[in-house]
Amino acid sequence: MTALPLSQDAIEAHNAEHHAALEEDYQALGRTLRRRGVDIDRIRAAVADFTIATPSWATGRGGTRFAKFAIPGEPTNVHEKLEDCAVVHQLSRATPRVSLHFPWDKADDYAALRDEAATLGLGFDAVNSNTFQDQPDQKHSYRNGSLAAAEAAVREQAIAHNIECIEIGKTIGSQAITVWIGDGSNFPGQQDFNRAFDRYVESGQAVYAALPGDWRMLLEHKLYEPAFYSTIISDWGSSLMAALELGPKCQCLVDLGHHAPNVNIEQIVARLHRAKKLGGFHFNDSKYGDDDLDSGSINPHQLFLVFNELAEARARDPAHFDPAYMIDQSHNVTDPIESLLSSTEAIVAAFAKAELVDRDALRDAQERNDAMMAFQALRAAYKVDVSPILAMARAQKGGAIDVLAFYRQANWRERKAQERKLVGLGAGIV
Ligand SMILES: [Mn+2]
């Protein structure tokens, strides 16, 4: 039995108030799209099937390297994080899975945690290991690296942690582990590039060997931070090399913020899919580096172009198309639930717009070397305001027509501020 966090009756009452206007907008958009030969109900059905995972760690207020400013009522443990993720899903109906991070999300009983999530209408996505910081009870420090560390004992400890994450994941029903390490160097000469990479692959093989048959291991690349001169899996090239060496269950995960400025990320999507190594996505946005800003807040066009390549990839080889979509953001100045709701809408909108692209017209223009009409095939889809499609899909699944308005009206955070313990001062992400 499910027990969703918000009153479903209140959501229905909210929808009843907004439904007539939505119906009008949906019908008008439907007529516009029909003139282009697009059936709006087909797009709505595709939107209704599209889902993204939420990360447990993004339900708390993030921080920068300088400070974290907590808000009253933010979650303080995995149970409260699940509750907040359930709010996001109940309103958006697009985020049915949560991605946990260990040891941050440690629980006493993982079978019970799986039941608890199911009661909230949630399942679990990829588990994430953490060997980029030390824990109070750990034997060896990760200060000089983890899976790629020079010391064998440190590598063994990091491998054991990843295997422990897989074991937890098996209990909660995950089917993937995402591996991101902070290993790297701050000085030229500090580390031999290839010996460090070799150690990473060797450690990765031990983790890979522990994967159940239906699992995937997702490698997340990042060009800098916390190491500022070199990282082990710095880019998609290194990620692809490692994934190819580790085996078919290992794939690459693209975090939109983990590239050099102005890199053509949509092209990376196409290339990785061609290599059958497109494993997953971490959605966020950035102005300068790995800013972890809200998806689509800075460059919604890039987000659309990424989804356009995803649609191309699916059309080209559907058998090898199964990317794990997840939000990975740090919410420093907003209520994290509001950011997750707004970002989900931005991501689903980019997906919907990519569904609107006239692929025959695009291909035809490409074959005729008509650069302008090829671009216009994309532009025509990008210009469409797909909000009525998203709202209709949401409402039909029981979500709210205006997610943010309903969330504010529900006073969730104010109520939780009365129940949850206060988060203290701190720095960095949680
Ligand atoms: Mn990420």
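**Strand, helix and core**

Guide: This is a predicted model. Start with strand β8 (residues 216–220), which is mostly covered, with four of its five residues buried.

Visitor: Which strands pair with β8, and in what sense?

Guide: Strand β6 (residues 176–179) runs parallel to β8 and is joined to it by four bridges. In that pairing, Thr178 stands opposite Leu218. Strand β10 (residues 250–255) also pairs with β8 in the parallel sense, over four bridges. There, Glu220 faces Leu253 of β10.

Visitor: How many residues does helix α6 have, and what span should they give?

Guide: Helix α6 (residues 193–209) has 17 residues, which at 1.5 Å a residue should span 24 Å; the end C-alpha atoms are 25 Å apart, so the two agree.

Visitor: Which residues of α6 are buried?

Guide: Ala196, Arg199, Tyr200, Ser203, Gly204 and Val207. These residues lie on the same side of α6, because they cover an arc of only 140° around the axis. The face turned away from that side carries the exposed residues Asn194, Arg195 and Ala209. The cover over the buried residues includes α5 (152–172), β6, β8 and α7 (236–246).

Visitor: What should I look for in a nonpolar core?

Guide: Nonpolar side chains tend to be buried together in soluble globular proteins. Here the largest nonpolar core has 110 residues, and Leu219, Ala352 and Ile389 have the most contacts inside it. Helix α10 (residues 336–356) gives the most to this core, with twelve residues.

Visitor: Which residues does Ala352 touch, leaving out those up to four places away in sequence?

Guide: Ala352 touches Ile43, Val47, Val386, Ile389 and Leu390.

How values were computed: Residues are numbered from 1 along each chain as its sequence is written. This is a predicted model: local features need pLDDT of at least 70, side-chain atom pairs count only at pLDDT 80 or more; totals for chains, interfaces and linings use all residues. A nonpolar core is a set of buried Ala, Val, Leu, Ile, Met, Phe, Trp, Tyr and Cys residues joined through C-beta atoms within 7 Å. A residue is buried if 20 or more other C-beta atoms lie within 10 Å of its own, exposed if 12 or fewer, and partly exposed in between; C-beta atoms are placed from the backbone. Helices (H or I, at least four residues) and strands (E, at least two) are DSSP runs, numbered from the N terminus. Two residues are in contact if their C-beta atoms, placed from the backbone, lie within 7 Å. Two strands pair if DSSP finds at least two bridges between them. The expected span of a helix is 1.5 Å times one less than its number of residues. The arc is that of the directions from the helix axis to the C-beta atoms.
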